[in-house]
Amino acid sequence: MGIKFQWVCLVLTVQALIVAGEFFKPFNVSYDGRAIIIDGKRRMLISGGIHYPRATPEMWSDLISKSKEGGVDVIETYVFWNGHEPVRGQYNFEGRYNIVKFVKQVGSSGLYLFLRIGPYVCAEWNFGGFPVWLRDIPGIEFRTDNIPFKEEMQRFVKKIVALMREESLFSWQGGPIIMLQIENEYGNIESSYGPKGKAYMRWAAKMAVGLDAGVPWVMCKQTDAPEYIIDTCNGYYCDGFKPNSKKKPIVWTEHWDGWYTNWGDRVPHRPTEDIAFAVARFFQRGGSFQNYYMYFGGTNFGRTAGGPNIITSYDYDAPIDEYGLLRQPKWGHLKDLHAAIKLCEPALVAVNSPHYIKLGPQQEAHVYSYNGSKCSAFLANIDEHNSATVKFRNQAYILPPWSVSILPDCRTTAFNTAKIGVQTSIKTTGLDVASYSNDPAPLKLMAPYEVDYISKTWKFLREPIGAWSDSNFTYQGILEHLNVTKDHSDYLWYSTRIYISDEDISYWEENQASPVLTIDSMRDFVCIFVNGQFKGSAKGKWIKVVEPVDLIQGHNDITLLSQTVGLQNYGAFLEKDGAGFRGQIILKGFKNGDRKLTETMWTYQVGLKGESLKIYSIDENESTEWTDLPTDATVTRFSWYKTYFDAPGGLDPVALDLSSMGKGQVWVNGHHIGRYWTLDAPKDGCQTCDYRGAYDSDKCVTNCGRPTQSWYHIPRSWLQASDNLLVVFEETEKTPLEISIKSHYTETICAEVSENYYPPLHAWSLPKTSNGTISLNHTVPEIHLRCDAGNTISSVKFASYGTPQGSCQNFSRGNCHSPNSFSVVSQACMGRQSCSISISNAVFGGDPCHGVVKTLSVEMRCSSSSSTSSSLML
Ligand code: GAL
């Protein structure tokens, strides 16, 4: 009874603290020329980017705890203005936009928060985060010394700071927020605005600091930031970066650990060893705060993707994948790196600037020694090709190419960035999975998980071509797309009617020619219809369109469907960009001169009828008459389809495989999953990936000749066990019969660790001495393997303790092989979610080959603990 009462009290106290926003004892945050200072102490901080609306609130706590387990101290997010203020003055802080709940969850997990308010954020997010209504404010010019813009920006920034303060979320209130950002990479475009650019930048800085938030503010890529704001670095590498004053610490606000993807492009990946190298070099050379952009990228749900042409997945090749699962070896290797950096933290914060020692032509050490004998060091080999043996404090160290060894005691290697000791995981996925090795070997492409599909009954509905409602209007000439749609829909119908005479027809017959429709300039996508028949389409950014058309004698209806595919999110003068058509639209090839359609009367219709009737929603879809879709139906373009499906059992994340479809949008139970577009990436460019040498986003790409995106995440919380409503709007002649539902999970896990593996210090097994400090004595190396939650190891595909060859999915036995390999591994791992095995003769019942260095290589399968079936089809 007493114990129970105590528990109740404890739970109530914790809840009370959380309600009050007191996650920590209130603390101050400041900085000096070396580091961010938290509660009076300099800190070396690892931060991870998670954008709250790119996940569901149900996913947040798992993402935050996986970040914490991965050794992250701080969660970073932008604030998404257009999500929070969809209509001017009407705010939304609910659901995926419940920023207060997100920040509180970060605080209650014991992590800090870095809030990048912007409110321009770029982020591959629609319109860079700006609400589209901002364009309509009279006299407005974005991101410059313009009163209407500054008023709106200040109002929103103030609102967010006030909200955080009201909820007691700043550090000095006991909340998690330790740092804020105003603007975003304004330095890239400042000069486009002449002197007004600098004036605006100064205003933004002053306005932000004037809000008295009580924590430091940063401006990224802003070399001319004022003295009271920290200017920070964004990039793949920031180890050479110096802020504009010695009084400011070296802060890396965006470490791009992957990259975003456009429809029709290859999918970028960044090798783990190179990310670890970049982070280690940063702290080696005096860096103090590093944020992964992104630690979890997530999904551009609905129409939130930026543009033009950003895909729905924002996976970013981040340490936590789009679905919330660990990406291995990336997550684990970086976790080990973070643990090694943390071992050096006392030395790093004790020293203002490290002692530099040149160890060789491309090798160098940075030594942080203090209190006489205490010391940490980083040894780097920046040679892109060769290993180097260096001598440091009378000891020899072998440094692999393009790597850093971290020596927390200036003697023992706790970590080397190029030596991965953690598991590799291969998931069921719609994307190719790249497997990188330390050698410049060809990329190995893993086949996606294959399953059959079961088609169910589908119903369909045709979307009218052209105007469909009383809300259409007529205007002489061509109006700019966004001025008409206000971005309430991607789609805008433009229709005009022209008269074709007998004389025109005979002219074309005699000359065996046809008239040609030309559009001077168009973005992002247009479909051309003549008399209700589809004639062609074009995609691009301000491209010229030329389309031959057939016309009949009499009246002809020319209809153009202009589409946006995510609004521009980067660059100067965003408010002037617009979309749709520019210049002239002309019908050419007439005997008596061209027809200037730009001067005719056009009928405008915003959006689709299905969108306006919300036929994708649970409430409204039944109010419309749908027709059964026969399996042999000849389908037409621009159709809506619907069916119902059951959710796969278990916990694995769920995806829709839309690789059989063309282009459109999709909803599940009324939730807008996003746009889809089955565009293939170019066939070439996917050959090799070598972690060594400077990275760029074209370096390690996959999906050549295959669709950029095939699988689309359906968050579990949007599903019920059965009868989930699936509605698809398809713009091409593809039918939905082959759409399937898939489970996304880690199917294959591999690891490979040698007896003499150095460094043998895994973050999760660092031994603690009796006084709680971490011992750097070498331990027996171990292999650690883990399936996703709800899954267990169901088979051992390969196990060899000896001298196995090859790599994951391609292992083979070498000359030396312990006959007990399989049974030892099976016994330790089968039926478990995770297991560990020591790499030692004792474990394997004796030495299989005396005097030879032994390695343990294993490959296993994971499957759902509740059932062996992993996928459930329509
Ligand atoms: C940066 C920008 C981010 C994001 C990134 C690319 O320049 O600040 O918001 O767009 O590029 O993913």
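Residues are numbered from 1 along each chain as its sequence is written. In this predicted model local features need pLDDT of at least 70, side-chain atom pairs count only at pLDDT 80 or more, totals for chains, interfaces and linings use all residues, and side-chain values use heavy atoms, with hydrogens and water left out.

**View 1. Helix α7 covers residues 272-284.** Helices (H or I, at least four residues) and strands (E, at least two) are DSSP runs, numbered from the N terminus. The 13 residues of α7 reach 18 Å from the first C-alpha to the last, close to the 18 Å expected; the expected span is 1.5 Å times one less than the number of residues. In α7, 13 of 13 residues are buried, where buried means under 20% relative accessible area, exposed over 50% and partly exposed in between (1.4 Å probe, protein chains only). After α7 comes Gly 286, with a positive phi near 105°.

**View 2. Cys 233 and Cys 238 are joined by a disulfide.** A disulfide is a pair of cysteine sulfur atoms within 2.5 Å, and by this rule the count comes to eight. Here the S to S distance is 2.0 Å. The link of Cys 233 and Cys 238 is left-handed, with -75° about the S-S bond. Both Cys 233 and Cys 238 are buried.

**View 3. A disulfide joins Cys 375 to Cys 410.** The sulfur atoms of this pair are 1.8 Å apart. With -60° about the S-S bond, the link of Cys 375 and Cys 410 is left-handed. Cys 375 and Cys 410 are both buried.

**View 4. Cys 686 and Cys 704 form a disulfide.** Their sulfur atoms are 2.0 Å apart. The torsion about the S-S bond is about 90°, so this disulfide is right-handed. It links distant parts of the chain, 18 residues apart: Cys 686 is in the loop between β36 (671-677) and β37 (701-702), and Cys 704 in the loop between β37 and β38 (711-714). Cys 686 is buried because its relative accessible area is 13%. Cys 704, at 17%, is also buried.

**View 5. Cys 122 is in no disulfide.** The nearest cysteine sulfur, that of Cys 220, is 9.4 Å away. Cys 122 has a relative accessible area of 10%, so it is buried.
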